[in-house]
Amino acid sequence: MRDSRARDITYLRLSVTDLCSLRCRYCMPAEGVPKRDHRDICSVEELVEITRAAVDCGVRKVRLTGGEPLVRRGILDICRGVSAIPGVEELCLTTNGVALPQLAGPLREAGVDRLNVSLDTLRPDRFAYMTRGGRLEDVLRGLEAGAAAGFTGTKLNVVLMKGFNDGEIPAFADLARRYPIEVRFIELMPIGEGKNAEFLSAEAVLAACPGLRPAEGSGVARRYRFPGGRGAVGLIEPMSHRFCGDCDRIRVTADGKLKPCLHSDQELPLRGLRGEALRRAIREGIAAKPEGHRMDQTGRSEAGRNMHQIGG
């Protein structure tokens, strides 16, 4: 389905929880997130029903997000239910990787096609600081488990933060030279706790890695490769190079609100709707998708929630 600006909306980012096993400083409050009553978030059946209705409206790709989706009870049932929907061409999942040693194989069997793993530093001390106690080795073991389970095309998500990981850009990029993965450098967005970290433009990646050469694009990412390299480097630039004109996604929060745009406070309730009423609400949300955000003008997001409450 096309929105009012003729963008073809084919991508649903479906949040299954606002909880996480880590407390990254740019994302989660230091005290963590209170666990909500199970009645306050969508059930497995509701999430699958919402996805089915979105597919009826033109969605072809689904990404499960959080919080951390792998802490959600019933995550494998959600994966099975979504992957079985006729018309879902790709089911992806974004994770911090901590639970992959136990779940990579079951996720693959449940129909997940591809993984994105979030990792902002390759130094154990920095990782422990940023995540408030997490262990880098757990994520590295998770990446190994994903590869052993047969996942290919894995993407590593690195949020750029000046004064924190800017010195690690060449080391991260070198992973794309040595391994068949895509390392995606993502500009920090001024949303929730992210306002407390210092912004760094994705152009810093090109300055730090002069050997990169332009490659074919993929979605909203500008992509590069090292000559002879096995993987790719992607730049996600929501701040310095707005890609709103090509945005093909909608989001649904764990409590069942459709967000036509991540950085808009507009939310449409979907819980309790069924059949044509649900499809109509989704179509209305797609039609209401704004032209773009204004963060480059205002310096802040108008999302109305923290990132972990919306879905990364």
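Which strand holds Ser15? I find Ser15 in strand S1, residues 11–15 (strands are DSSP runs of E with at least two residues, helices runs of H or I with at least four, numbered from the N terminus).

The model is predicted, so I take local features only at pLDDT of at least 70 and side-chain atom pairs only at pLDDT 80 or more, while totals for chains, interfaces and linings use all residues. Residues are numbered from 1 along each chain as its sequence is written, and side-chain values use heavy atoms, with hydrogens and water left out.

**Ser15.** I checked burial: Ser15 has a relative accessible area of 0% and is buried (under 20%, 1.4 Å probe, protein chains only). Its side chain reaches the backbone oxygen of Thr17 at 3.3 Å. Beyond four places in sequence, Ser15 touches Leu47, Thr65, Gly66, Val252, Thr253, Ala254, Ile310 and Gly311 (heavy atoms within 4.5 Å).

**Helix H2.** I looked at residues 75–83 and noted Ile75, Leu76, Ile78, Cys79 and Val82 as buried. They lie on the same side of H2, because their arc around the axis is only 155° (taken from the directions from the helix axis to the C-beta atoms). These buried residues pack against H1 (44–56), S2 (61–65), S3 (90–95) and H3 (100–109).

**Cores.** I turned to the largest nonpolar core, which has 69 residues (buried Ala, Val, Leu, Ile, Met, Phe, Trp, Tyr and Cys joined through side-chain atoms within 4.5 Å). H1 gives the largest share of this core, seven residues. Cys79 and Ile282 are among the residues with the most contacts inside the core. Apart from this core lies another, of nine residues, including Tyr26 and Met130.

Key: Buried < 20%, exposed > 50% of the residue type's maximum accessible area, 1.4 Å probe, protein only. Polar contact = N/O pair within 3.5 Å; in protein donor to acceptor, adjacent residues only side chain to side chain.
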